[in-house]
Each structure stands twice: as structure tokens, then as C-alpha cells.
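Please read them with the sequence and the structure open.

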Amino acid sequence: MARIAGVNIPTAKRVPIALQYIHGIGPMFAEQICEANKIDRARRVNQLTDAEVLAIREFIDANFTVEGDLRRETSMNIKRLMDLGCYRGLRHRKGLPVRGQRTHTNAHTRKGPAKAIAGKKK
């Protein structure tokens with residue numbers, strides 16, 4: 001099993017698909033990595049040599065922010081917005097949609113289950 005950027009990538013899958021198991025690498029970046037290291041997209045991870053796995057690992061370390069560093073950077077950006085007290089930060093703090101979606105209906109994923117209003121009778 002190949003281990004790249006702290007993630008065990010599946011060995012039976014094709015290389016571009018397996019690389020997408022790394023947080024921060026999507027379809028486009030996976031294709032770029034294969035192209036830069038001259039790896040055929042049809043090859044499976046278990047067909048790669050140790051030198052090719054090492055080349056992929058070094059290319060990712062040199063050119064991309066992935067896994068823990070990316071998660072830390074994202075959470076620090078959100079924390080910065082919350083500390084500033086800007087509109088987006090307040091929405092993050094309250095657990096509401098951040099990007100202008102309506103909340104009168106929908107937004108249940110972000111808001112959570114409905115809460116009954118205490119003391120209200122009909």
C-alpha cells in the first residue's frame with residue numbers, strides 16, 4: 001500500500017483516482033501530477049515502482065498544500081473571520097449559511113434539527 005502525504009492510498013485503483021483520496025487533490029491536480037511524472041493514467045497504484053511513488057510524493061510536497069497543513073490553513077482562515085467579527089465570521093459562529101443562502105426555508109443541514117420555542121402556546 002502506497003503512503004503519500006500521510007494517507008494510505010488504495011492500491012487497486014487507477015493512479016488519478018487514488019490520488020484524490022488525499023485531501024486537497026482533486027481530479028485536475030491528480031491529472032497534473034500524473035502528467036508531470038509521466039505516469040500513464042490507466043496504470044494502477046500497485047503497478048507503480050518505488051521510484052515513481054517517491055517522485056509523486058516529492059512533487060506533491062513541493063507544489064501543493066495538502067492534508068493537515070490545508071485543514072489547518074482553512075480553519076485558521078475561518079477563525080480569523082470569527083475574530084474580526086465580520087458578517088461571514090458571525091455566520092460561522094452561529095452555524096448559519098455563510099454565502100447568502102436563504103434560511104427561512106431550507107438550510108436544515110447547516111442549522112440542524114428544528115428546535116421548539118419554549119413557552120409558546122396556541
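1. The predicted model contains two aromatic pairs. In one of them, the ring centres of Phe-29 and Phe-64 lie 4.7 Å apart with the planes at 50°, so this pair is classed as tilted. Phe-29 belongs to helix α2 (residues 27–36), while Phe-64 sits in the loop between α3 (50–63) and α4, so the pair ties together parts that are 35 residues apart in sequence. How do the two partners compare with the cut-off for burial? Phe-64 is buried, because its relative accessible area is 15% and buried means under 20%. Phe-29, at 29% relative accessibility, is partly exposed.

2. The other ring pair is made by Phe-59 and Phe-64, with centres 6.0 Å apart and planes at 65°, so it is edge-to-face. The step from angle to class rests on a cut-off: planes over 60 degrees apart count as edge-to-face. Phe-59 has 23% relative accessibility and is therefore partly exposed. Taken together, the ring pairs link Phe-29, Phe-59 and Phe-64 into a cluster.

3. Next come the charged side chains. How many salt bridges are there? The count is six. One of them joins Arg-43 to Glu-52, with the closest N and O atoms 3.0 Å apart. Arg-43 is partly exposed, with a relative accessibility of 22%.

4. Another salt bridge is found between the side chains of Asp-69 and Arg-72, with an N to O distance of 2.9 Å. Both residues lie in helix α4 (residues 67–84), three residues apart, so about one helical turn separates them. Asp-69 is partly exposed at 46% relative accessibility, and Arg-72 is partly exposed at 49%.

5. Why is the separation of Lys-79 and Asp-83 about one helical turn? Because they are four residues apart in helix α4. Elsewhere, salt bridges with shared partners join Glu-31, Glu-35 and Arg-41 into one network.

6. The length of helix α4 can be checked against its residue count. At 1.5 Å a residue, its 18 residues should span 26 Å, and the C-alpha atoms at its ends are 26 Å apart, so the two values agree. The residue that follows α4 is Gly-85, and its phi is positive, near 80°.

7. Thr-74 is partly exposed, with 40% relative accessible area.

8. On cysteines: how many disulfides does the structure hold? There are zero. Cys-34 has a relative accessible area of 1% and is therefore buried. Cys-86 is partly exposed, at 25% relative accessibility.

9. The overall make-up of the protein chain is six helices and two strands. Along the sequence these follow the pattern β-β-α-α-α-α-α-α.

10. A last point concerns the overall dimensions. A compact globule of 122 residues would have a radius of gyration near 14 Å, but this protein chain has 21 Å. Its C-alpha atoms fill a box of roughly 70 × 30 × 20 Å along the principal axes. Of the 122 residues, 25% count as buried. Among the residues discussed above, Phe-64 is buried at 15% and Cys-34 is buried at 1%.

Methods:
Residues are numbered from 1 along each chain as its sequence is written. Side-chain values use heavy atoms; hydrogens and water are left out. A salt bridge is a side-chain nitrogen of Lys or Arg within 4 Å of a carboxyl oxygen of Asp or Glu. Buried means under 20% relative accessible area, exposed over 50%, partly exposed in between (1.4 Å probe, protein chains only). Rings of Phe, Tyr and Trp (its six-membered ring) pair if their centres lie within 6.5 Å; planes under 30 degrees apart count as stacked, over 60 as edge-to-face and the rest as tilted. A disulfide is a pair of cysteine sulfur atoms within 2.5 Å. The expected span of a helix is 1.5 Å times one less than its number of residues. The radius of gyration is taken over C-alpha atoms; the globule rule is 2.2 Å times the number of residues to the power 0.38.
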